[in-house]
Amino acid sequence: RSFELAKLKRIIRNLENSGVKVKMGPEIRAELAKIKKEAAYIPRLGNQPGTMFLPDNPSRVAVIEELIHLGQDRNSKWKLAAQFDMPTGDILKRRLEFEAQEKLLVLGNRLEFTAEEMKYITRWLADNQSWRKFLFGK
């Protein structure tokens, strides 16, 4: 289900006012498809907000997930990009993705995501069970 356009415009305006760059449009959709992503938030070096990449007409799940990742970067005081460059960066990325998916699951229930939206989240969590065990021991 697509994110409500008027609300998305307000979010983008607020993000840009807080220093987050937002790139959006059909050309972004094509670039994201190359890396098999619907949307992405990429932290930036230098302890500053990163860039959010959104396709034209993004889904609710994609927007909310990337806002969660933005929040993770903000909570690190904008240091995620530097941490990703460390030898343990790949493991950190996986851990943050799990945290994001689990938050999405909770939000999905509260926001009454559709069955298909919830299936996207639960499928990702199921497909990555071995990583969950490695990262969290459960």
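**Exercise 1.** How do the residues of the lining of the second largest pocket divide into nonpolar, polar and charged?

*Solution.* The model examined here is predicted. Begin with the pocket itself, whose volume is about 190 Å³. Next, identify its lining: Arg-1, Ser-2, Phe-3, Glu-4, Lys-7, Arg-60, Ile-64 and Leu-111. Finally, sort these residues by class, which gives three nonpolar, one polar and four charged.

**Exercise 2.** Determine how helix 3 and helix 5 are oriented to each other, and state which residues form their contact.

*Solution.* First, locate the elements: helix 3 covers residues 60-75 and helix 5 covers residues 89-110. Their axes come within 10 Å and cross at roughly 130 degrees. An angle over 145 degrees would count as roughly antiparallel, and one of 65 to 115 as roughly perpendicular; the two helices are therefore oblique to each other. The crossing is right-handed. On the side of helix 3, the contact is made by Val-61, Ile-64, Glu-65, Ile-68, His-69 and Gln-72. Helix 5 contributes Leu-96, Glu-97, Glu-99, Ala-100, Gln-101, Lys-103, Leu-104 and Leu-107. By class, the residues of this contact are seven nonpolar, three polar and four charged.

**Exercise 3.** Describe the largest pocket and find which element gives the most to its lining.

*Solution.* The volume of the largest pocket is about 700 Å³. Of its 26 lining residues, Lys-37, Tyr-41, Glu-66, His-69 and Glu-97 are the closest to its centre. Two or more lining residues come from each of strand 2 (40-44), helix 3, helix 4 (80-84), helix 5 and helix 6 (115-127). Helix 3 gives the most, with six residues. The lining comprises 13 nonpolar, five polar and eight charged residues.

Technical notes:
Residues are numbered from 1 along each chain as its sequence is written. This is a predicted model: local features need pLDDT of at least 70, side-chain atom pairs count only at pLDDT 80 or more; totals for chains, interfaces and linings use all residues. Side-chain values use heavy atoms; hydrogens and water are left out. Axes are lines fitted to C-alpha atoms, for helices over the stretch in contact, and angles run from 0 to 180 degrees between N-to-C directions. Helices (H or I, at least four residues) and strands (E, at least two) are DSSP runs, numbered from the N terminus. Angles under 35 degrees count as roughly parallel, over 145 as roughly antiparallel, 65 to 115 as roughly perpendicular and the rest as oblique. A crossing is left-handed if the near helix is turned anticlockwise from the far one by less than a right angle, and right-handed if clockwise. Contact means heavy atoms within 4.5 Å. Ala, Val, Leu, Ile, Met, Phe, Trp, Tyr, Cys and Pro count as nonpolar, Asp, Glu, Lys and Arg as charged, and the others, Gly among them, as polar. On a 1 Å grid over the protein atoms alone, a cavity is a set of points where a 1.4 Å probe fits but cannot get out, and a pocket is an open set with protein on both sides within 12 Å along at least five of seven lines; lining residues have an atom within 4 Å of a point. Grid points are joined across faces, edges and corners, and a volume is the space filled by probe spheres set on the points.
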